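Here's a quick tour for anyone meeting this protein for the first time. Have a look at the chain, and then we'll walk through it together.

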Amino acid sequence: MCSFLQKINAIKKRRNEIASMNITVPLAMFCLDATALNHDLCERAQNLKDHLIQFQVDVNRDTNTRYCNSVQTNSNGIWHQLETKK
């Protein structure tokens with residue numbers, strides 16, 4: 001879980017760095033407008049973060065489902081043993 005949070009924080013940090021970059025870059029004869037590029041890079045970083053979060057949610061959901069099924073199976077086995085001893 002720590003490595004997951006580190007990845008998310010690194011992506012958020014990178015997105016903030018991109019967002020704080022200059023949107024215009026003066027060159028020798030003209031000025032380059034990087035607004036669209038910055039916006040696209042920020043969007044990609046946000047999408048990556050969202051995908052990582054969704055992946056972790058899915059993994060946790062699967063783990064919880066397996067755990068609940070295991071507990072249910074064990075519980076049913078215990079009840080069955082108790083009923084057969086009566």
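pLDDT is the predictor's confidence in each residue, on a scale from 0 to 100. You'll need that here, because this is a predicted model: local features need pLDDT of at least 70, side-chain atom pairs count only at pLDDT 80 or more, and totals for chains, interfaces and linings use all residues. Residues are numbered from 1 along each chain as its sequence is written, and side-chain values use heavy atoms, with hydrogens and water left out.

How confident is the predictor? The average pLDDT of the protein is 87, and 98% of the residues score at least 70.

**Overall layout**

The protein has 2 helices and 2 strands, and along the sequence they come in the order α-β-β-α. Both kinds of element are DSSP runs numbered from the N terminus: helices are H or I with at least four residues, strands are E with at least two. Helix α1 covers residues 2-19, and helix α2 covers residues 35-85.

What about the overall shape? The C-alpha trace spans about 95 × 20 × 10 Å along its principal axes. The radius of gyration is 25 Å, whereas a compact globule of 86 residues would have one near 12 Å. (That radius is taken over C-alpha atoms, and the globule rule is 2.2 Å times the number of residues to the power 0.38.)

Buried residues make up 12% of the 86. Here, buried means under 20% relative accessible area, exposed means over 50%, and partly exposed is in between, using a 1.4 Å probe and protein chains only. Now for contacts, meaning heavy atoms within 4.5 Å: of those between residues at least 6 apart in sequence, 48% join residues at least 24 apart.

**Salt bridges**

How many salt bridges does a search of the whole structure find? There are 3. The term means a side-chain nitrogen of Lys or Arg within 4 Å of a carboxyl oxygen of Asp or Glu.

| Pair | Closest N to O distance |
|---|---|
| Arg44 and Asp40 | 3.0 Å |
| Arg61 and Asp58 | 3.3 Å |

Arg14 and Glu17 sit 3 residues apart in helix α1, about one turn of the helix. Glu17 is partly exposed, because its relative accessibility is 34%.

Over in helix α2, Arg44 and Asp40 are 4 residues apart, so about one helical turn separates them. Arg44 counts as exposed at 55% relative accessibility, while Asp40 is partly exposed at 30%. Helix α2 also holds Arg61 and Asp58, 3 residues apart. Arg61 is partly exposed at 49%, and so is Asp58 at 31%.

**The surface**

The accessible surface comes to about 7400 Å², and 59% of it belongs to carbon and sulfur atoms. Areas come from the Shrake-Rupley method with a 1.4 Å probe; for residues, only the protein chains shown count as cover.

Which residues make the nonpolar surface patch of about 530 Å²? They are Val25, Leu27, Met29, Phe30 and Leu32. Patches take residues with over 30% relative accessible area and no salt bridge, joining like charges within 9 Å and nonpolar side chains (Val, Leu, Ile, Met, Phe, Trp, Tyr) within 5 Å. Phe30 lies in the loop between β1 and β2 (31-33), and with a relative accessible area of 53%, Phe30 is exposed.
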